[in-house]
Amino acid sequence: MNITFTPQLRDCTLEMMKRGDILVINGIEYDFSPLENEDEIHSSAIASEFISDVVTRKDGIINLTVILPITVDATHEQCWPTPRFNIPDGPIILPGG
């Protein structure tokens, strides 16, 4: 799984975990295992305020964009987060975390 973060001023928390093709965001599971290679799902079809843009599977890897809540005093790493590639199963450490 590859995740790109898009920072957004928000007063909320974000906790994420990965288990195979399942992404857990704040305790809610999003199972992307039905997504076939070269398929995509638009974020409007996913009931999450944190998943934005299109979720795709290319070469067997799920690619998605997650909104990263930041505050006005966010760090450089939070304001300009680098994408995460080949994320292993377990808790996902967020930029600046």
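A surface patch of charge is made of residues with over 30% relative accessible area and no salt bridge, like charges being joined within 9 Å. In this predicted model, one such patch is negative and brings together Glu36, Glu38, Asp39, Glu40 and Asp59 on the surface. Asp59 belongs to the loop that runs between strand S6 (51–58) and strand S7 (61–70).

**Salt bridges**

Side chains of opposite charge can pair when their charged atoms come close. The model contains five salt bridges.

| Acidic residue | Basic residue | N to O distance |
| Asp89 | Lys18 | 2.7 Å |
| Asp21 | Arg57 | 3.0 Å |
| Glu77 | Arg84 | 4.0 Å |

Asp89 and Lys18 meet through their side chains in a salt bridge with an N to O distance of 2.7 Å. This pair links distant parts of the chain, 71 residues apart: Asp89 sits in the loop between H1 and S8, and Lys18 in strand S2 (residues 16–19). Asp89 is exposed, at a relative accessible area of 52%. Lys18, in contrast, is buried because its relative accessibility of 9% falls under the 20% limit.

The side chains of Arg57 and Asp21 also form a salt bridge, at 3.0 Å from N to O. Arg57 is in strand S6 and Asp21 in the loop between S2 and S3, so this bridge ties together parts of the chain that are 36 residues apart in sequence. Arg57 is buried, with 9% relative accessible area, while Asp21 is partly exposed at 27%.

In the salt bridge between Glu77 and Arg84, the closest N and O atoms are 4.0 Å apart. Both residues of this pair are partly exposed: Glu77 has a relative accessible area of 41%, and Arg84 has one of 21%.

**Buried strand residues**

Which residues does Val24 touch beyond its neighbours up to four places away in sequence? They are Glu15, Met16, Met17, Arg19 and Glu29. Val24 itself is placed in strand S3 (residues 22–25). It counts as buried because its relative accessibility is 12%, under the 20% limit. The C-alpha atom of Val24 is 9.6 Å from that of Ile92, and the two residues are 68 residues apart along the chain.

Thr65 is a residue of strand S7. Thr65 is likewise buried, at 14% relative accessible area. Its contacts, leaving aside neighbours within four places in sequence, are with Thr4, Thr6, Phe50, Ile51, Ser52 and Asp53.

**Positive phi angles**

Most residues other than glycine have a negative phi. Asp53, one of the residues in contact with Thr65, has a positive phi near 70° and is not a glycine. Asp53 is located in strand S6. At 46% relative accessibility, Asp53 counts as partly exposed.

Asn86 is not a glycine either, yet its phi is positive at about 50°. Where does Asn86 lie? Its place is the loop between helix H1 (76–79) and strand S8 (90–92). Asn86 counts as exposed, with a relative accessibility of 56%.

**The loop between H1 and S8**

Phe85 is also found in the loop between H1 and S8. Is Phe85 buried or exposed? Phe85 is exposed because its relative accessibility of 57% is over the 50% limit. Apart from residues up to four places away in sequence, Phe85 touches Met1 and Asn2. From C-alpha to C-alpha, Phe85 and Ala74 are 23 Å apart in space, with a separation of 11 residues in sequence.

Taken together, this loop holds Phe85, Asn86 with its positive phi, and Asp89, which is paired with Lys18 of strand S2.

Key: Residues are numbered from 1 along each chain as its sequence is written. This is a predicted model: local features need pLDDT of at least 70, side-chain atom pairs count only at pLDDT 80 or more; totals for chains, interfaces and linings use all residues. Side-chain values use heavy atoms; hydrogens and water are left out. Patches are made of residues with over 30% relative accessible area and no salt bridge: like charges are joined within 9 Å, nonpolar side chains (Val, Leu, Ile, Met, Phe, Trp, Tyr) within 5 Å. Accessible areas come from the Shrake-Rupley method with a 1.4 Å probe; for residues, only the protein chains shown count as cover. Lys and Arg count as positive and Asp and Glu as negative; His and the chain ends are not counted. The place of a charge is taken as NZ of Lys, CZ of Arg, CG of Asp or CD of Glu. Helices (H or I, at least four residues) and strands (E, at least two) are DSSP runs, numbered from the N terminus. Buried means under 20% relative accessible area, exposed over 50%, partly exposed in between (1.4 Å probe, protein chains only). Contact means heavy atoms within 4.5 Å.
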